[in-house]
Each structure stands twice: as C-alpha cells, then as structure tokens.
Amino acid sequence: MSGLRMAVLVSGGGTNLQSVIDAVEAGTLTSQIVCVISNKETAYGLERARKHQIPAHFINPKEEGYDDKLFALLQGEKVDLIVLAGYLKILSPSLIQAYKKKIINIHPSLLPKFGGKGFYGIHVHEAVLAAGEKESGATVHFVDEGVDTGEIIIQRKVSVEAEDTAESLQFRILEQLEHKILVEAIKKLEGSN
Ligand code: GRF
C-alpha cells in the first residue's frame with residue numbers, strides 16, 4: 001500500500017514526533033511527514049522538523065483565524081493523516097468532521113481512565129499515582145468531538161512500581177510505550193489505507 005501524507009501537530013518537546021521521523025527515515029513506515037505544525041512558537045518539535053528538512057509551521061493562536069489557517073495548510077499539503085503528538089490545543093469540530101477517522105492522538109494513560117479535560121502531561125501520572133493504580137499505560141486513538149474519547153487503535157500497559165514518582169512513570173511510559181505504539185498505529189493505518 002502506498003504511504004500516507006502525514007501532518008504532525010505538536011506543542012512541546014516532540015519526542016513522539018522524533019519517533020515517527022526516525023521510523024520514516026528507517027523505512028519502517030512508508031508514509032511521509034509533509035509538515036509539522038505547532039501552536040507554540042518555541043516548541044522544540046518545530047526544531048526537530050527543521051533538522052530533518054520537514055516544513056515547520058507556527059500558527060499563532062492569539063491571532064484570528066487559527067482554525068482556518070490550520071485547515072488551509074492541511075488542504076494545501078494534501079494531508080491524509082493528522083497525528084497529534086503532544087498537541088495541547090482542541091481542534092475545531094469542523095476540522096474533526098472534515099478529517100473523520102484521519103486524526104489520531106497519543107495519550108499517556110489507559111483510556112478511558114485518566115483522560116479528558118485537565119488530564120495532560122505530568123497531571124495524568126500524578127492522578128494515576130494518587131488513585132493507587134497498579135498499572136498504567138499509553139493509548140493511540142482516533143480523535144472525535146470529545147476529549148480523549150475516540151475509538152482506540154492501540155493500547156499498551158506498564159506496571160506502576162512502589163517507588164514510582166509521576167516523573168519516573170511519565171518517562172517510562174514515554175520511552176517504552178508511546179514511542180513504539182505511535183509508530184505501530186501509523187503502520188496499522190498504512191495497512192488499511
Ligand atoms: C506525551 O506524553 C503525549 O502522550 C502527550 O504529551 C506528551 C508529549 O511528549 N499527549 P512529546 O512532546 O512527544 O515529547
């Protein structure tokens with residue numbers, strides 16, 4: 001099957017983006033990243049894109065027309081898969097409708113647990129520890145109109161250890177699970193394309 005034209009949306013460091021870049025360069029994925037887009041000018045993910053000659057775009061969320069600019073970019077690049085990789089802005093309902101089953105998100109918990117408004121970054125792992133969970137994990141899912149509610153594509157678990165801090169759990173889930181299942185999920189979608 002031919003590869004997908006992906007846009008990766010980031011708001012931060014972009015280690016998940018890096019795992020996709022690496023998988024594309026290694027030939028593990030047949031898809032290509034046609035652009036990286038961020039709502040944060042200083043997001044290191046944009047820098048990672050530039051280092052790999054991938055067009056990197058900042059769209060200023062404080063200016064009018066954010067959603068229109070984002071939509072125009074995606075259309076212009078003929079994007080057929082949008083990957084939210086640590087993207088902390090809610091997409092507009094019209095964009096979600098236009099790209100039904102073509103937007104995926106990575107979330108650092110065993111959804112539907114610890115998902116939804118307020119569950120992002122370190123807060124997810126703090127809540128997991130506070131609830132005394134024995135296991136946590138990561139999920140790649142399709143994006144629908146809800147927050148972290150779309151159909152699950154891949155989910156994988158890790159044990160929560162007695163000595164875990166929110167930071168150690170965050171790091172382990174990122175390194176051991178997220179970077180792998182994000183690539184696996186894209187591969188799965190390439191197969192069904
Ligand atoms: C990841 O934990 C991801 O699941 C969440 O935000 C974090 C982004 O990390 N949505 P990075 O920017 O990919 O390093």
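**The pocket and its ligand**

The residues that line the largest pocket divide into 15 nonpolar, 18 polar and six charged, where Ala, Val, Leu, Ile, Met, Phe, Trp, Tyr, Cys and Pro count as nonpolar, Asp, Glu, Lys and Arg as charged, and the others, Gly among them, as polar. This is a predicted model, in which local features need pLDDT of at least 70 and side-chain atom pairs count only at pLDDT 80 or more, while totals for chains, interfaces and linings use all residues. Residues are numbered from 1 along each chain as its sequence is written, and side-chain values use heavy atoms, with hydrogens and water left out.

A pocket here is an open set of points, on a 1 Å grid over the protein atoms alone, where a 1.4 Å probe fits and protein lies on both sides within 12 Å along at least five of seven lines; its lining residues have an atom within 4 Å of a point. The largest pocket has a volume of about 850 Å³, taken as the space filled by probe spheres set on the points, which are joined across faces, edges and corners. Of its 39 lining residues, Gly86, Tyr87, Leu88, Asn105 and Tyr120 lie nearest the centre. At least two lining residues come from each of α1, β5, β6 (135-142) and α6, the helices (H or I, at least four residues) and strands (E, at least two) being DSSP runs numbered from the N terminus.

The ligand takes up the space of this largest pocket, given that a molecule sits in a pocket if more than half of its atoms lie within 2 Å of its grid points. Two or more residues of the shell around the ligand are given by each of α1 (15-26), β5 (103-107) and α6 (166-192). The surrounding residues, with a heavy atom within 4 Å, include Gly13, Gly14, Thr15, Asn16, His107 and Glu178, and by class the shell has three nonpolar, six polar and one charged residues.

Polar contacts are pairs of N or O atoms within 3.5 Å. A backbone N or O atom of glycine 14 lies 2.7 Å from a ligand oxygen, and a side-chain N or O atom of threonine 15 lies 2.6 Å from a ligand oxygen.

**Backbone details**

The peptide bond from leucine 111 to proline 112 is cis, with omega near 15°, and proline 112 is placed in the loop between β5 and α5 (122-130). Phenylalanine 114 lies in the loop between β5 and α5, and its phi is positive, near 55°.

Note on methods: Polar contact = N/O pair within 3.5 Å; in protein donor to acceptor, adjacent residues only side chain to side chain.
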